[in-house]
Amino acid sequence: MLEPIDKIDEYGPSFIDAFEPTEKVTGDPEQYAKVEKAVHDLLDAFNVNWEDPNYTDTPKRVAKAYMEYWANGYAREAEDEVTVFPNSSGSEDLVMVKDMKFYSMCSHHLAPFTGYGAIAYMADENLLGLSKLGRILDIYARRFQLQERIGAQTADKIMQLLRPKGVMVVLYDVEHLCMSSRGVKLHEASTTTVATRGIFKEDAQLRAEVMSLINK
Ligand SMILES: Nc1nc2c(ncn2[C@@H]2O[C@H](COP(=O)(O)OP(=O)(O)OP(=O)(O)O)[C@@H](O)[C@H]2O)c(=O)[nH]1
Ligand SMILES: [Zn+2]
């Protein structure tokens with residue numbers, strides 16, 4: 001049993017990059033070959049018939065799908081995909097993009113989980129191109145993940161790059177296949193996580209406004 005802590009803030013960020021830095025998609029042929037072999041061995045463990053043409057290229061296809069889609073967040077850096085503009089009009093209004101569909105894979109079962117993200121921020125000196133909110137979410141989703149960690153990493157990266165007054169990342173209507181298709185078999189269960197930073201941590205009314213906008 002973990003020791004309880006009184007104040008979570010004193011404990012620091014909830015998902016420090018303690019484990020992830022070693023997780024990489026390099027795109028080099030050795031890594032493709034390693035993933036391809038792993039998929040081959042998995043199918044082989046089921047004694048699939050390699051004469052069946054439907055399996056012939058499957059290890060290659062699956063390796064490509066992992067490298068180019070399901071794990072491609074490891075190959076990307078938010079800094080390379082994000083443009084920050086000066087907030088020349090001095091807008092202090094709420095900006096939010098919602099209903100951003102995301103795809104991820106849980107690090108416990110390697111089962112897909114998918115749902116929607118909403119990101120809201122209050123600008124300070126900078127603004128972000130709207131599409132970039134979805135890009136940052138996509139970078140952290142396309143990994144072996146926890147839902148909570150996607151939200152936390154997305155929020156932390158936006159704080160780091162944009163230095164806004166605050167950010168709130170809500171991941172909602174999320175279906176975890178490991179919970180619906182196996183295990184507890186909660187077919188209709190959905191999970192919501194909320195990560196808040198800066199002003200959103202302190203201002204309950206602002207959080208409520210974001211939640212009501214998501215539900216519209
Ligand atoms: N916190 C968190 N847990 C997750 C996420 N995705 C899957 N899990 C959970 O990871 C846990 C792994 O628990 P274990 O008891 O080790 O594995 P298990 O025996 O397969 O668990 P069951 O799914 O309950 O059958 C399960 O409770 C999953 O629901 C996620 O994104 N965040
Ligand atoms: Zn799982």
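Where does His109 lie? In this predicted model, His109 is located in the loop between β2 (94-106) and β3, with strands taken as DSSP runs of E of at least two residues, helices as runs of H or I of at least four, and both numbered from the N terminus. Residues are numbered from 1 along each chain as its sequence is written, and chains are lettered from A and ligands numbered from 1 in the order in which they are written. Local features need pLDDT of at least 70, side-chain atom pairs count only at pLDDT 80 or more, and totals for chains, interfaces and linings use all residues.

An unreviewed UniProt entry lists Cys106, His109 and Cys178 under "binding site"; such annotations may be inferred rather than shown by experiment. These positions are spread over 73 residues of sequence, yet the largest C-alpha distance is 8.0 Å. His109 is partly exposed because 15 other C-beta atoms lie within 10 Å (buried, 20 or more; exposed, 12 or fewer; partly exposed, in between; C-beta atoms placed from the backbone). Cys178, in helix α7, is also partly exposed, with 17 such atoms within 10 Å. Leaving aside neighbours within four places in sequence, Cys178 is in contact (C-beta atoms, placed from the backbone, within 7 Å) with Cys106, His108, His109, Ala111 and Gly183.

The residues surrounding ligand 1 (C-beta atom, placed from the backbone, within 6 Å) include Cys106, His108, Glu148, His176 and Cys178. Both α6 (147-162) and α7 (177-180) supply at least two residues of this shell.

Definitions and conventions
Two residues are in contact if their C-beta atoms, placed from the backbone, lie within 7 Å.
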